[in-house]
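Me: I'm new to this one. Can you walk me through the model?

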Amino acid sequence: MITDLKRGDFFQKGHRYRRKQIHKLYKGQEQSEISTPKAHPYIFIFTKESGSEYGTGHGWNRDKTYFFYTGEGQRGSMQLIKGNKALREHFLSGKAVYLFHYVEPGVVEFIDEVTYINHQLEIMWDSDGELREAIIFELERNPVIEEKAAKLDVSAYSTEQLCHIALGEDKKTNIYEQTAALKQYKRAAGICEACGESAPFIAKDGSSFLQMYYLSKLSEGGLAKPKDAAALCPNCHSRLRYGKDSEVYKEELIIKINEKEAGKKNE
């Protein structure tokens, strides 16, 4: 069954979509394996079995936490330009990466939201039968990154330090520390960033119970910058997901978050 996609809908794991409909809503290169819409903070990447004929090797590690994705470019050695460059720098540029797998011509299945962790060069054949250097991206599932981040203790940091880490301003900070810091930073005040009410209760770990909502995302996966994330009470979180006025409420929240983060920078 193919899911009818509307702008702003979350991609659901295992659901199938018409690739043409994805591009109709968000634009981007319709024939490329790496699609980079200019007007939206998303990157769509596609994998299919036929890629092996050009010496590409897309695939999971044994426990399906990492996906090894071969960069674009059928002839000659691959370069970190265009789609490859966008994928390498997506977290710095604030773009989320969505991985799809072809199940039939024109129809793709959503696998997961992933994040660039590393890349390496491997010798492979190109479409002309010549050996060349190919870029192999190591992409980790966002839920796995969140699980690893949840095991890190960042409670000793001040709000300012948490914000600094969440923004990735320290080059030594890794993606797991950034993710942990972002959630702690957003929950630090214990106040819902939408309605302004206090968290409804204290969680078992001693933190204020507020749910994270990612303002510029098309999946449930986390990872974002402070301006793209909000800590919400369960009521506001549900309102943004299912409310009749969700789009208007979301726009109002985006304004509030932008003002808050801009104020932090000017302090």
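Reply: Here is a short tour of cores, cysteines and rings. This is a predicted model, where local features need pLDDT of at least 70, side-chain atom pairs count only at pLDDT 80 or more, and totals for chains, interfaces and linings use all residues. Residues are numbered from 1 along each chain as its sequence is written, and side-chain values use heavy atoms, leaving out hydrogens and water.

Me: Which residues touch the most other members in the largest nonpolar core?

Reply: Cys192, Ala194, Leu232, Cys236 and Leu253, out of 29 residues in that core. A nonpolar core is a set of buried Ala, Val, Leu, Ile, Met, Phe, Trp, Tyr and Cys residues joined through side-chain atoms within 4.5 Å. Buried means under 20% relative accessible area, exposed over 50%, partly exposed in between (1.4 Å probe, protein chains only).

Me: Which residues are in the second core?

Reply: That separate core has 18 residues, including Ile34, Phe67, Met78 and Leu99.

Me: Back to Cys236. What does it touch?

Reply: Cys192, Ala194, Cys195 and Tyr249, leaving out residues up to four places away in sequence. Touching, or contact, means heavy atoms within 4.5 Å.

Me: How many disulfides are there?

Reply: The count is zero. A disulfide needs a pair of cysteine sulfur atoms within 2.5 Å. For Cys195, the nearest cysteine sulfur is that of Cys192, 3.7 Å away.

Me: Is Cys195 buried or partly exposed?

Reply: Partly exposed, at 35% relative accessibility. Cys233 is also in no disulfide, with the sulfur of Cys236 the nearest at 3.7 Å. Cys233 is buried, at 9%.

Me: New topic. How many aromatic pairs does the structure hold?

Reply: It holds 19. Rings of Phe, Tyr and Trp (its six-membered ring) pair if their centres lie within 6.5 Å; planes under 30 degrees apart are stacked, over 60 edge-to-face, and the rest tilted. Phe46 and Tyr102 make a tilted pair, with centres 6.1 Å apart and planes at 45 degrees. Phe46 sits in strand E3 and Tyr102 in strand E6 (residues 96-104), 56 residues apart. Strands (E, at least two residues) and helices (H or I, at least four) are DSSP runs, numbered from the N terminus.

Me: Is Phe46 buried or exposed?

Reply: Buried, at 1% relative accessibility. Arg19 lies over the face of Phe46, 3.7 Å from the ring centre. For that, CZ of Arg or NZ of Lys must be within 6 Å of the ring centre and within 35 degrees of the ring normal.
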